[in-house]
Amino acid sequence: MSRTSMLKNRASLTHKLSYAVRNPARITPYVKRTARDTWLRLKHPNHVDYYRAVMASDTNRNPEAAVGSQTHERWLALGEMQFNYLAEHGLKPSHRMLDIGCGNLRAGWRFIAHLDAGNYYGIDISPDILISAKQTLTTYELQEKLPHLTITQNLKLDFLPEAHFDVVHAHSVFSHSPITVIDECFANVGRILAPGGFFDFTFDRTEGAEHQVLREDFYYRTETLVKLARKHGLEARFMEDWETRKHGQSKIRVNNPS
Ligand SMILES: C[S@@+](CC[C@H](N)C(=O)[O-])C[C@H]1O[C@@H](n2cnc3c(N)ncnc32)[C@H](O)[C@@H]1O
C-alpha cells in the first residue's frame, strides 16, 4: 500500500468530501450505509452485538460480499491467498487450526480440505455467516473432514483446550474490531497455542492517526498492536512477506510465549 494511503484518515471530513467529489456514484450507498449503521448502533450498544447485526444485514444480501468480496472470483482469490501463505509457512495436514472469524469459509474450505479430519475449528460471532459456511462445506463436499464451526460471543476462548492449536488465524477480523476485542483475544490466545504454535492476524494499518469508520472499519498503527501483545507476554512481529500480496491489510504474527 502507498505511503499516502497509509497516512489517510478516512474518518476526517476533508477525506470524506474529497472522496465524494471523486466518487459521486458512491454517495448514495454511503448515506444508506451510514443510516443503517446508526440505527443498528442505537439498537446494539455492545460492539459484538452491533457487528453481528451488520453481518446479518450484509449476509442476507450476499454472503460473499459480507466477508468483503464483491465478486466470486475475488472470493476465490482471497481464500487462495490466505491458504497459500500458510502453506508456504509450513501448514501440515496434522496441524490443528483455529480460524477466528471464519466467515463463510472463503479460505476455510481450503484449510479444511488440506487438514486431517477434525483439525479445523472455525468460530464466528454471526449465525448468518455460519449458515452460509455450512453451505460452502456442502458445495466443496467436505463433510468427511468434520470441521468444527461454532458461534461465539467473545474471544475469551475459554471453551477450548490448553496448548491445543498449532495455528490460530484471524483474517480481516481485527480490521472490524475495537481495541477492547483485540485486547481480549491477546489476553487469551497464549493459553490455547501449542508449543511452537503461532497466531497470525491481519489488520488495517495506518501510519497516521488511528481512526475508525462507522465502527465497521478500524485502522491501527503496527506499534500499538505489538505493544498490546507485549502487555500480555506475547512476542509479535510484522510479516514483511505478506506485504508483497495484493491485499489491502497488513499481517502480524504472535509466537507461542512458552
Ligand atoms: C471480513 S470477514 C472475514 C471472514 C474470513 N476470515 C475470511 O477471510 O473470509 C470478518 C468475519 O469476522 C467475524 N467477526 C467479527 N468480529 C468478530 C469477533 N470479535 N469474533 C469472532 N468473529 C468476528 C464476522 O462475523 C465475519 O464473519
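In the predicted model, the axes of helix α4 (residues 47-61) and helix α8 (residues 127-139) come within 8 Å and cross at roughly 40 degrees, where axes are lines fitted to C-alpha atoms, for helices over the stretch in contact, and angles run from 0 to 180 degrees between N-to-C directions. α4 is therefore oblique to α8, given that angles under 35 degrees count as roughly parallel, over 145 as roughly antiparallel, 65 to 115 as roughly perpendicular and the rest as oblique. Helices (H or I, at least four residues) and strands (E, at least two) are DSSP runs numbered from the N terminus. Residues are numbered from 1 along each chain as its sequence is written. Because the model is predicted, local features need pLDDT of at least 70 and side-chain atom pairs count only at pLDDT 80 or more, whereas totals for chains, interfaces and linings use all residues.

On the α4 side, Met 55, Ala 56, Thr 59 and Asn 60 meet Asp 128, Ile 129 and Ser 132 of α8, contact being defined by C-beta atoms, placed from the backbone, that lie within 7 Å.

The ligand is surrounded by 24 residues, the closest being Gly 101, Gly 103, Arg 106, Ser 126 and Ser 172; a residue is near the ligand if its C-beta atom, placed from the backbone, lies within 6 Å of it. Both α4 and β2 (120-124) supply at least two residues of this shell, and α4 gives the most, with three residues.

Overall, the secondary structure of the protein comes to ten helices and nine strands, and the C-alpha trace spans about 50 × 40 × 35 Å along its principal axes.

Conventions
Contact = placed C-beta atoms within 7 Å.
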